[in-house]
Amino acid sequence: MNKDIFVWIELRHNKVQDVSLQLLSEANHLQAQYKVKGYDFDVVGIITGFQTHDVHADCFKYGADKLIVCEDIKLQEASTQHTSKAIVDIVHEFKPDSLLIGASVIGRDIAPRVAARLNTGLTADATQIEVDETANSTLLLVTRPAFGGNLFGTIVCPNTRPQMATIRPNVFEKRELNKASNTIIEFKTSFDSIDQVKLIKQEPKLNHSIDISKARIIVSAGRSMAKHMDLIREVAEELGAEVGASRGLVETGSITKEHQVGQTGKTVRPLVYIACGISGAVQHTAGMDKAECIIAINNDPNASIFQIAHIGIVGDAVTILPQLKEELLKLKA
Amino acid sequence: MKIIVLMKQVPNTTNMLIDKEKGTLIRTGVESIMNPDDTNALETALQIKEKNGAHVIVMTMGPTQAEEMLRECYARGADECVLISDKAFAGSDTWATSNTLSAAIKRYNPDLICAGRQAIDGDTAQVGPQIAERLNIPQITYVSQLMDINEQSITVKKEYEEYTEILESSLPCLITTLDPTNPLRLMNVTDTWNAYTKPITVLTNTDLQLDLSLIGLNGSPTQVRKTFTRSVSGEITLIKDSGHEAVNSIISALSPYLN
Amino acid sequence: MDNRHLLLKKSYKQFTDCYVKPIAHAIDEEERFPIETCERMKSLKMYGIPYPVEYGGSGADTLAYVLAVEELSKACGTTGVILSAHTSLGAYPIYAFGTEEQKQKYLIPMNKGEKLGAFGLTEPNAGTDAAGQKTIAILKDNYYEISGSKIFITNAGYADIYIIFAMTDPSKGTKGITAFILEKDMPGFTIGKKEKKLGIRGSSTCELIFDKVKVPVENRLGQEGMGFRIAMATLDGGRIGIAAQALGIAQGALEEVINYTKNRKQFNQSISQFQNTQFKIADMATQIEAARCLVYKAAHAKDTQKNFSQEAAMAKLFASETAMNVTTQAVQLFGGYGYTREYPVERMMRDAKITEIYEGTSEVQRMVISASVLR
């Protein structure tokens with residue numbers, strides 16, 4: 001009998017990636033939904049790494065009931081070959097009902113390989129996961145976007161276990177749950193002696209000092225604001241906010257790609273998202289529609305952004321922004 | 001050296017519109033294109049061919065319409081094109097697709113497989129790694145640049161979120177490439193003129209002999225329960241102003257978040 | 001037209017959209033020869049389209065080549081003529097009349113795009129009256145000494161190979177003209193004045209000056225006295241290239257007009273909704289289609305018939321006059337904007353004019369056609 005919800009904890013240089021903590025927290029929602037149906041599942045974190053002791057506390061803090069820790073020098077940094085072996089062996093041993101993995105570059109590399117080896121189904125880039133209330137089983141309903149974000153599908157994995165899904169960073173929120181348990185199970189297995197892929201060099205990307213996904217407030221601009229970026233930047237500065245951009249704006253060259261929000265940019269979840277001159281095409285909104293307060297300014301009353309905005313202003317951003325800046329300065333004074 | 005390039009013909013989803021009343025995609029009039037990530041895979045293979053000599057085989061799983069795309073691959077210098085097509089493959093999820101493609105690839109015994117990272121319709125990025133698993137070969141995903149290749153190994157640059165890595169893998173190996181760091185070359189006249197004289201090998205399940213439990217809808221552990229478009233909310237109140245009223249409403253929305 | 005032609009057309013269009021269209025305005029403004037485009041055409045094997053593979057070409061047919069000139073010319077008349085002059089005028093004489101050694105030495109690199117070709121027949125006093133050649137070639141031992149000048153030579157200054165016509169025996173009139181293959185750095189061969197032109201301003205049109213240029217006997221093309229025949233046969237094919245250029249220019253102008261008239265609003269509607277505009281566009285489209293039929297027919301005739309002079313002349317005559325009509329009409333339909341250099345139609349109109357003049361004026365075409373019809 002398969003049971004429990006497993007979350008693979010992604011570590012880079014022995015730091016837990018936020019997405020894994022977000023998944024642990026979200027798994028607790030599923031745990032509650034399962035309980036209603038009479039399934040008593042634990043939320044279990046899988047840690048594959050080397051000398052990982054320092055990360056255990058955070059995992060319990062954000063929602064793990066148990067941790068299965070597999071340590072080996074070969075697992076020091078995640079590798080397709082060794083990490084997938086560790087996860088597969090753990091799954092064979094412990095038989096989880098579901099396995100969630102963050103859809104980072106690493107997660108999206110390892111998850112499909114693990115799913116194939118386990119002959120089970122994997123749903124990529126889930127934006128929503130729920131327990132199926134109607135089914136007489138542990139079935140999960142996993143919703144994800146397709147066709148470039150134009151369409152959503154609810155996917156199920158009825159016949160195989162574990163049910164697997166990858167989830168993008170910032171889709172879920174991490175919450176301090178401070179679970180009482182601190183059970184750690186040590187797991188040992190063997191690894192191939194030869195490494196198929198060798199790391200020659202690692203280099204940081206240039207110009208990468210900005211991470212808008214951590215901002216509380218984002219002031220974002222669309223293509224029509226290309227010649228008015230000074231107004232955007234000034235308001236952002238007054239608010240202590242980061243500057244976001246649509247793909248169209250990035251393409252004009254007025255701002256670099258690190259600021260791009262959306263399907264092919266970053267997913268952000270700020271408290272406030274101010275969209276200036278952004279039409280609201282799905283490719284963009286997919287990256288920001290979970291913001292707590294969305295303020296949209298656009299000249300076009302039919303712009304799709306107004307369908308997701310909490311405050312919608314049909315007006316000229318170029319006229320409004322300087323006035324907004326004045327008001328903010330007055331408030332500070 | 002034998003290279004297989006996996007390509008997919010997809011609808012151009014960046015231009016797709018939604019029928020708001022039916023909640024479905026409007027598919028008519030949407031052109032079919034080569035999946036953008038796959039174009040880098042093809043360009044990489046053709047560059048290896050130019051520099052070191054290689055036999056480049058383009059393989060696609062799809063309906064007969066995908067032949068047009070294969071002709072365009074011939075027009076750029078591909079040596080061989082294979083279309084995998086059979087009603088039995090319809091409804092495949094990534095698991096079943098990778099089973100089918102792996103069976104076809106095994107017949108060619110390549111040194112390198114180049115695939116795109118993900119398709120703009122499915123958006124899963126799963127097929128590449130799952131094929132590598134089936135074939136029991138190493139994989140490197142998110143490849144932006146080929147650094148070096150020889151009979152024994154391949155060296156590439158891989159893009160992570162905040163850094164890059166130079167990685168070396170033994171061959172045979174599967175890489176998945178990103179768009180658009182390596183733009184696909186245009187069709188040249190000589191290869192275009194000859195594009196229709198070269199044969200396209202069509203492989204059906206009669207050729208691949210896959211058990212029906214491994215392919216198509218039956219062979220898919222994941223199934224689509226339902227599809228829907230983003231819901232259109234009801235009446236929205238909009239403030240039509242560019243002056244005080246607009247600014248004041250923004251300030252009041254912001255005030256709980258300002259300290 | 002079959003699948004291969006359709007796929008080629010698609011490839012030419014992708015090339016044009018990517019590399020030719022974005023710089024078409026600039027090279028006209030700056031009167032700049034687009035060397036970078038020439039390099040790119042080489043890597044896509046666009047220089048030897050209708051010539052055999054064993055001579056470095058693509059082994060395709062004349063229609064495949066005509067489609068290239070047409071597609072390039074839709075965006076840029078200059079780029080279209082660079083290819084046409086090279087392929088039809090520079091390479092053809094060597095292909096049709098050259099010795100095996102000459103083909104190996106010159107045709108192969110020309111078809112591969114390694115060397116650009118040009119054709120020098122016209123002189124200050126010999127235009128339509130081509131027989132009045134004053135450039136002379138005196139045989140001395142194992143070389144000819146060539147002196148004289150040519151004007152209005154397309155690709156001059158950038159070409160490596162020049163097909164030059166000179167009088168070896170003035171007493172024989174047209175039968176005293178001989179063709180030669182000259183290379184650009186031959187001592188005594190210099191490029192003279194560059195013309196400032198009304199249109200195809202990016203095309204390099206210059207004077208050629210020959211001051212006792214020593215041209216080896218092996219570089220004589222065909223026999224002495226064959227020159228006029230070679231020139232006429234070459235121009236027959238060249239006409240089809242120019243007809244394709246004119247066709248492309250006309251089509252390009254029509255597409256601009258369609259786009260503009262749909263978007264331009266006056267009196268609360270798109271001007272494309274006015275019947276006058278619609279009728280003009282209908283006429284333009286029909287005339288272009290008729291020109292297209294003639295051009296493609298001429299291309300087919302060149303590949304299948306021994307004599308295709310009539311078809312070629314008709315195609316050039318009709319296509320060039322169509323280009324002039326359509327582009328003039330296009331400027332009119334754009335109104336004031338069409339007269340400014342910010343919009344492409346005035347350039348297209350300026351480019352169209354030359355197609356009625358070079359490679360045989362429309363008057364010459366009429367002479368050829370009537371001679372054929374009245375035979």
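Guide: Let's start where strand 5 (residues 66-71) of chain A runs alongside strand 12 of chain A: the two pair in the parallel sense, over five bridges. Look at Val69(A) and you'll find its bridge partner in strand 12 of chain A, Glu186(A). Strands here, like helices, are DSSP runs numbered from the N terminus (helices are H or I with at least four residues, strands E with at least two), and two strands pair if DSSP finds at least two bridges between them.

A bit of housekeeping: residues are numbered from 1 along each chain as its sequence is written, while chains are lettered from A and ligands numbered from 1 in the order in which they are written. This is a predicted model, where local features need pLDDT of at least 70, side-chain atom pairs count only at pLDDT 80 or more, and totals for chains, interfaces and linings use all residues; side-chain values use heavy atoms, with hydrogens and water left out.

Now widen the view to the sheet. Seven strands of chain A make an open sheet with parallel pairing, in the order 7-11-6-1-4-5-12. Its edges are strand 7 (122-126) and strand 12 (183-187) of chain A, each pairing on one side only. From one strand to the next, the twist averages 25°. Helix 1 (residues 18-37) of chain A packs on this sheet, touching strand 1 (5-9), strand 4 (43-49), strand 6 (98-102) and strand 11 (163-167) of chain A, and its direction makes about 175° with that of strand 1 of chain A. Helix 3 (residues 80-94) of chain A lies across strand 1, strand 4, strand 5, strand 6 and strand 12 of chain A, at about 115° to strand 12 of chain A. For such angles, axes are lines fitted to C-alpha atoms (for helices, over the stretch in contact), and the angle between N-to-C directions runs from 0 to 180 degrees.

Next, chain A's partner. Of the two pairs of chains in contact (heavy atoms within 4.5 Å), chains A and B share the most contacts. Chain A puts 82 residues into that contact and chain B 73 residues. About 6,800 Å² is buried between chain B and chain A, 57% of it from carbon and sulfur atoms; buried area is the accessible area (1.4 Å probe) that two parts lose on being put together, summed over both. Strand pairing turns up here too: strand 10 (residues 151-156) of chain A and strand 14 of chain B run antiparallel, joined by five bridges. Phe152(A) stands opposite Phe228(B) in that strand of chain B.

Between chain B and chain A there are 39 residue pairs in polar contact, both residues at pLDDT 80 or more. A polar contact is a pair of N or O atoms within 3.5 Å; within protein, one must be able to donate a hydrogen and the other to accept it, and residues adjacent in sequence count only if both atoms are side-chain atoms. The count of salt bridges between chain B and chain A is six, with a side-chain nitrogen of Lys or Arg within 4 Å of a carboxyl oxygen of Asp or Glu as the rule. Asp109(A) and Lys158(B) form a salt bridge, their closest N and O atoms 3.3 Å apart. On chain B, the elements giving two or more residues to the side that touches chain A include helix 4 (127-135), strand 9 (139-149) and helix 7 (244-254). That side of chain B has 32 nonpolar, 23 polar and 18 charged residues. (Ala, Val, Leu, Ile, Met, Phe, Trp, Tyr, Cys and Pro count as nonpolar, Asp, Glu, Lys and Arg as charged, the others, Gly among them, as polar.)

And chain C? No contact joins chain C to chain A, and their closest C-alpha atoms lie 16 Å apart. Chain C does meet chain B, with 22 residues from chain C and 13 residues from chain B. One salt bridge crosses between chain C and chain B, and Lys10(C) and Glu72(B) meet in a salt bridge at 2.5 Å, N to O. Helix 1 (residues 3-29) of chain C gives the most to the side touching chain B, with eleven residues.
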